[in-house]
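Reader: Please take a close look at one part of this model. I would like the charged side chains and their pairing.

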Amino acid sequence: MTVKVYYTTVTASRTVKSQQAEVIRVLESKSILYELIDISVGGELRDEMRSKAGDPTAAPPQFFNEDQYCGNYEMFSEAVEADTVEQFLKLA
């Protein structure tokens, strides 16, 4: 099972940049293997992320275990606080 993180390399939002950096730091600190999918390379990837998330306005980062939706950054952050990241990512 692969954790997929939809993110963007092109954003003017300082918030999105810091959220994405935090996500990578947490995943690496927990030795969780992940794949980054950059939605800035094409609108079809952004549309795919939003379709899979079931939210036409979803913004990165968004989390999936294979094609199963796990949640958004706020949900990830709550899982970090509760030390339940593996459960959030459907790895446990």
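Is Asp-67 buried, partly exposed or exposed?

Author: Asp-67 counts as exposed, at 52% relative accessibility. Here buried means under 20% relative accessible area, exposed over 50%, and partly exposed in between (1.4 Å probe, protein chains only). This is a predicted model: local features need pLDDT of at least 70, side-chain atom pairs count only at pLDDT 80 or more, and totals for chains, interfaces and linings use all residues. Residues are numbered from 1 along each chain as its sequence is written, and side-chain values use heavy atoms, without hydrogens and water.

Asp-67 has a partner. Its side chain meets that of Lys-52 in a salt bridge (2.9 Å, N to O). A salt bridge is a side-chain nitrogen of Lys or Arg within 4 Å of a carboxyl oxygen of Asp or Glu. Lys-52 lies in helix 2 (residues 43-53) and Asp-67 in the loop between strand 3 (62-65) and strand 4 (68-72), so the pair ties together parts 15 residues apart in sequence. Helices (H or I, at least four residues) and strands (E, at least two) are DSSP runs, numbered from the N terminus. Lys-52 is partly exposed, with a relative accessible area of 29%. Shared partners join Glu-48, Lys-52 and Asp-67 into one salt-bridge network.

The whole structure holds five salt bridges. Among them is Asp-83 with Lys-30 (3.3 Å, N to O). That pair links distant parts of the chain, 53 residues apart. Asp-83 is exposed at 53%, while Lys-30 is partly exposed at 29%.
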